[in-house]
Amino acid sequence: MLACRMLAAKVAWLRHRPPVANRVAVILLAAGLLAPYAACADPADAVATADAATPATSPAPTTAWAAADLSVVAASPAALGTGLAMGPSVRVIRGDTVVWGAELGWVRATEYSPSWAVTHDEFRARALAGLQAYAGRARLIVQVGAGVTALYEHRARAQASRLSQLNVATTSSAWAALPAADLRLGVQLPVYAGWGATVLIGPAFHLRDGQPDLGFTASLAAGWLP
C-alpha cells in the first residue's frame, strides 16, 4: 500500500512539470523503481544465469601413452657358468600408472676352455607388466617380465685344423628353450621433446634342467617417452 501511495504522489507531481522535465523525471523514476529489485536479486540466480550462458566444456579424455625404446643389455648368461652376455633389445610399453608391453632381445656370451670355445646366442622374448610413479619429471619403474629364452649353443674345438685331419668332429651345435622371468627396478628420465633414457636392473631367473638358475640383467635404453 505504501508503495502504491508513493507511486501516485510521484505521478501527480509529474503532471505539473514541463514536458522536457517530465521526460527526465520519468527516466529517473524508472531507475528509482528498478534499483531495489536489482539490489535485492539473488546472487545464486546470477551465477546460474552466467553458468547457463557459458558453453559446457568437458575435460580432455586421458589416453594411455605408448613408449618404445632400444636398449643395450648386459646380463648373466642363461646356461654358462661364467661370462657376460651383451646385446640389443627392443621394448614397447603402454599404460600410465599400470603398464604392460613386450620385449624382444638378443644377447651373446662366449666361454673358453683348453678344449672348447663355447658361444651362446640367447633370443629373449618377454611379456611385461609393471607400475610407474612420477617423482618430479622422472618416472620410477617396477617391472616384471616372463617368457622364454631360446638358446643356440655353438661349440668349436681348440686346434680344430689339426683334429680335422684325424676325422674328429671339431664343431657341434644345439638348440634349447628355457622358461625365464625377471624383476627390474629403474628410472626413466625425459631428455628432449619426448625423447628420454631408461635405466633398469634386477634379478633374472631361468629354469634349467628343472632347477632355477639365478642371474641378473641390466639395460640402458633410449627411446620415445611421451
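## The chain at a glance

From the N terminus on, the elements run α-α-α-β-β-β-β-β-α-β-β-β. That gives the protein chain four helices and eight strands, where helices (H or I, at least four residues) and strands (E, at least two) are DSSP runs numbered from the N terminus. This is a predicted model, in which local features need pLDDT of at least 70 and side-chain atom pairs count only at pLDDT 80 or more, while totals for chains, interfaces and linings use all residues. Residues are numbered from 1 along each chain as its sequence is written, and side-chain values use heavy atoms, with hydrogens and water left out.

Of the 226 residues in the protein chain, 28% are buried. Here buried means under 20% relative accessible area, exposed over 50%, and partly exposed in between (1.4 Å probe, protein chains only). Among contacts (heavy atoms within 4.5 Å) with a separation of 6 or more, 56% are between residues 24 or more positions apart.

## Aromatic rings

Let's turn to the rings. Rings of Phe, Tyr and Trp (its six-membered ring) pair if their centres lie within 6.5 Å; planes under 30 degrees apart count as stacked, over 60 as edge-to-face and the rest as tilted. By this rule there are three aromatic pairs. One of them, Tyr 152 with Trp 175, is tilted, at 4.9 Å centre to centre and 45 degrees between the planes. Because Tyr 152 lies in strand E5 (residues 138-157) and Trp 175 in strand E6 (residues 171-192), this pair ties together parts that are 23 residues apart in sequence. Tyr 152 is partly exposed at 24% relative accessible area, whereas Trp 175 is exposed at 58%.

Trp 195 and Trp 224 make an edge-to-face pair, 5.7 Å centre to centre with 75 degrees between the planes. Trp 195 belongs to strand E7 (residues 195-208) and Trp 224 to strand E8 (residues 211-224), so parts 29 residues apart in sequence are tied together. Trp 224 is partly exposed, with 38% relative accessibility. Ring pairs also link Phe 123, Tyr 152 and Trp 175 into a cluster.

Another ring has a charge over it: the charged end of Arg 155 sits over Trp 116, 5.9 Å from the ring centre. The rule asks for NZ of Lys or CZ of Arg within 6 Å of the ring centre and within 35 degrees of the ring normal.

Arg 126 lies in strand E4 (residues 116-135) and is buried, at 6% relative accessibility. Its side chain joins that of Asp 182 through a polar contact of 3.2 Å. A polar contact is a pair of N or O atoms within 3.5 Å; within protein, one must be able to donate a hydrogen and the other to accept it, and residues adjacent in sequence count only if both atoms are side-chain atoms.

## A look at Val 92

Val 92 lies in strand E2 (residues 85-95) and is partly exposed, with a relative accessible area of 45%. Leaving out residues up to four places away in sequence, Val 92 touches Ala 67, Ala 68, Trp 100, Gly 101 and Ala 102.
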